[in-house]
Amino acid sequence: MSDTSLPQALLDDEALERLDDFLDSERVDADALDLIGAHGFLVALAVAPCDADPATWVAELFHGEPAFSDDTERETILGLLDKLRRNAIAALEQGQLPELPISLTLDGLPAEETPVGDWCAGFMEGVFLEEAAWFEEDEEAAATLLLPFMALSGLFDDEADMADFIADTARMESLASQLPELILDLYLHYRVPPETPKPKPRKKIPAGKGGSHSR
């Protein structure tokens with residue numbers, strides 16, 4: 001098995017631990033995303049069909065401005081977050097699967113009570129940031145590809161048309177195990193043009209004949 005077929009870590013363990021400690025500290029708003037949610041959020045930004053303004057996504061992730069101890073800490077933390085996003089883009093661009101910092105199983109629990117649910121909820125927060133852009137090209141295809149993330153996030157459990165879908169525990173468990181592949185599928189949807197007949201080349205006008213002359 002080649003290295004490209006294995007999920008690619010988006011940050012090393014030391015960097016993830018550094019982010020985890022900061023996001024779990026009292027200097028961050030209580031409603032800010034934790035490490036798992038932030039990971040999902042940043043992967044969504046990597047998949048997104050348009051770039052989000054950095055100031056906007058940073059404010060959304062932290063629910064405001066954290067109490068950084070100094071400019072160095074601010075640069076370090078924001079640098080690690082952006083590195084995670086950029087590494088996700090690089091991996092997906094190469095057709096590689098992203099490694100998620102969670103066990104890809106629900107263990108018989110409702111998705112929202114699991115790390116999978118937390119990750120998908122963070123992912124959907126990233127989608128909400130520029131929601132219109134995700135659906136403007138092909139709303140039906142986008143909705144189909146996003147359905148697993150929506151279902152696993154637990155954010156849509158109150159919607160009537162979601163009840164039967166999430167009630168199928170075997171399907172939900174299967175979707176959880178396939179998350180890296182589903183992320184790549186979604187990325188490719190926005191990057192690979194649909195197969196359409198190639199337009200015929202424009203007929204060349206012989207030298208000396210202008211376009212206004214009758215043929």
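Mentor: In this predicted model, Arg18, Arg27 and Glu73 are linked in a network of salt bridges.

Trainee: What makes the contact between Glu73 and Arg18 a salt bridge?

Mentor: The N to O distance between the side chains of Glu73 and Arg18 is 3.9 Å, and because the rule asks for a side-chain nitrogen of Lys or Arg within 4 Å of a carboxyl oxygen of Asp or Glu, the pair counts as a salt bridge. This pair links distant parts of the chain, with Glu73 in helix α4 (residues 71-93) and Arg18 in helix α1 (residues 13-23), 55 residues apart.

Trainee: Why is Glu73 called buried?

Mentor: Its relative accessible area is 9%, and buried means under 20%, so Glu73 is classed as buried. Arg18, in turn, has 32% relative accessibility and therefore counts as partly exposed, as that class lies between 20% and 50%.

Trainee: How do you know that Arg85 and Asp82 meet in a salt bridge?

Mentor: Their side chains come to 2.9 Å, N to O, and the cut-off is within 4 Å, so the pair qualifies. Both residues lie in helix α4, three residues apart, which is about one turn of the helix.

Trainee: Why is Arg85 classed as buried, and what is Asp82 called?

Mentor: Arg85 has a relative accessible area of 16%, and the limit for buried is under 20%, so Arg85 is buried; Asp82, at 21% relative accessibility, counts as partly exposed.

Trainee: How many salt bridges does the rule give?

Mentor: The count comes to six salt bridges, including the one between Arg171 and Asp168, whose closest N and O atoms are 3.9 Å apart.

Definitions and conventions:
Residues are numbered from 1 along each chain as its sequence is written. This is a predicted model: local features need pLDDT of at least 70, side-chain atom pairs count only at pLDDT 80 or more; totals for chains, interfaces and linings use all residues. Side-chain values use heavy atoms; hydrogens and water are left out. Helices (H or I, at least four residues) and strands (E, at least two) are DSSP runs, numbered from the N terminus. Buried means under 20% relative accessible area, exposed over 50%, partly exposed in between (1.4 Å probe, protein chains only).
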